[in-house]
Amino acid sequence: MKYSNKTAVRIIEMIEQDLFGISEICKIVNINPKTFYDWKKTRPDFNEAVDDAITRREEVMIASARIGLKQLLEGYIQKKEKVSYVCDKNDPVNDVEKCRIVEKKFCPPSIRAIKYVLDREERKRDKDRLQASEGHPLVIEVQDEETRRQLMILKENGFRPGGSLNPEIVAAVDKELEEESKVRSEERKMESEEPEVKSEELKVKNEQGQVMEQPPAIQPSAAAVEKPKPNPYPFLPPGYTSRTD
């Protein structure tokens, strides 16, 4: 069927009113559903108009849902009218209103609506915490190697249970742990050999004639001063000695 602006405008209005589905709309405007989708593919203006109508329809539905949810959260007053009629004496064909009774009933807040809002807020907080934690990776410190191995298996299995039953995952984790152990042993070996290398370097430098720091010279101790011997003959004049000397 040939494209018609009048038919297109009518389709857009019914889509926005959300009274019928696409198949029912096509029946009302007397076109085939295949024609509708062909127009969407070949007519960019029609396709854009349909998308805009769907967007406006969704916005109206969301606004109505928010209003209804607000009433359920805060409570609302429900009105009920009861009208009675009697025959008109002057016009037996028509009836006239005799009385109108209006009943007002307050509906309290809905517990289900309150729970729905609280659950939605909790889910939003969990999502925000998850997004915030993605920027700061989780660090778990373990003391024993077996616990660390089990955590590595859990990570390798996509944080799903049953990884320890998969031989490929277990073999991959054991291989990674073995490589880490080799790297640590090599590092310890290099650290133990480092002092010997330094001593060899000092020895080579000394052999090349570099000045070494000399230990402080030891000063010789002063000669002991001999004390004068006491005179065994104090009764003789100075310069005289006994014959036996």
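Student: Let's start with Phe 36: which residues does it touch, not counting those up to four places away in sequence?

Tutor: Phe 36 touches Ile 11, Ile 15, Ile 22, Cys 26, Ile 31, Phe 46 and Val 50, with residues up to four places away in sequence left out. A contact means heavy atoms within 4.5 Å. Before we go on, this is a predicted model, where local features need pLDDT of at least 70 and side-chain atom pairs count only at pLDDT 80 or more, while totals for chains, interfaces and linings use all residues. Residues are numbered from 1 along each chain as its sequence is written, and side-chain values use heavy atoms, with hydrogens and water left out.

Student: What makes something a nonpolar core, and which residues have the most contacts inside the largest one?

Tutor: A nonpolar core is a set of buried Ala, Val, Leu, Ile, Met, Phe, Trp, Tyr and Cys residues joined through side-chain atoms within 4.5 Å. The largest here has 14 residues, and those with the most contacts inside it are Ile 11, Ile 15, Ile 31, Phe 36, Phe 46 and Val 50. Each of α1 (5-17), α2 (22-29), α3 (33-42) and α4 (44-74) supplies at least two residues, and α1 gives the most, with five. Those helix labels are DSSP runs numbered from the N terminus (H or I, at least four residues, for helices; E, at least two, for strands). Another core lies apart from that one, with six residues, among them Met 152, Ile 153, Ile 169 and Val 173.

Student: How do you know whether Ile 153 is buried or exposed?

Tutor: Set its value against the cut-offs: buried is under 20% relative accessible area, exposed is over 50%, and partly exposed is in between (1.4 Å probe, protein chains only). Ile 153 has 3% relative accessibility, so it counts as buried. It sits in helix α6 and touches Gly 163, Ser 164, Ile 169, Val 170 and Val 173, again skipping residues up to four places away in sequence. Its C-alpha atom is 6.6 Å from that of Ile 169, 16 residues apart along the chain. Across the 245 residues of the protein chain, 13% count as buried.

Student: How do α1 and α4 sit relative to each other, and what makes you say so?

Tutor: Their axes come within 8 Å and cross at roughly 20 degrees. That makes α1 roughly parallel to α4, because angles under 35 degrees count as roughly parallel, over 145 as roughly antiparallel, 65 to 115 as roughly perpendicular and the rest as oblique. The axes are lines fitted to C-alpha atoms, for helices over the stretch in contact, and angles run from 0 to 180 degrees between N-to-C directions. Their meeting point has Ala 8, Ile 11, Ile 12, Ile 15 and Glu 16 on α1, against Phe 46, Ala 49, Val 50, Ala 53, Ile 54, Arg 56 and Arg 57 on α4. By class that is nine nonpolar, no polar and three charged. Ala, Val, Leu, Ile, Met, Phe, Trp, Tyr, Cys and Pro count as nonpolar, Asp, Glu, Lys and Arg as charged, and the others, Gly among them, as polar.

Student: And which hand does the crossing of α1 and α4 have?

Tutor: Right-handed. The rule asks how the near helix is turned from the far one, by less than a right angle: anticlockwise gives left-handed, clockwise gives right-handed. The crossing of α1 and α2 is right-handed too.

Student: What makes α3 and α4 parallel or perpendicular?

Tutor: They pack at about 110 degrees, with their axes 5 Å apart. So α3 and α4 are roughly perpendicular to each other.
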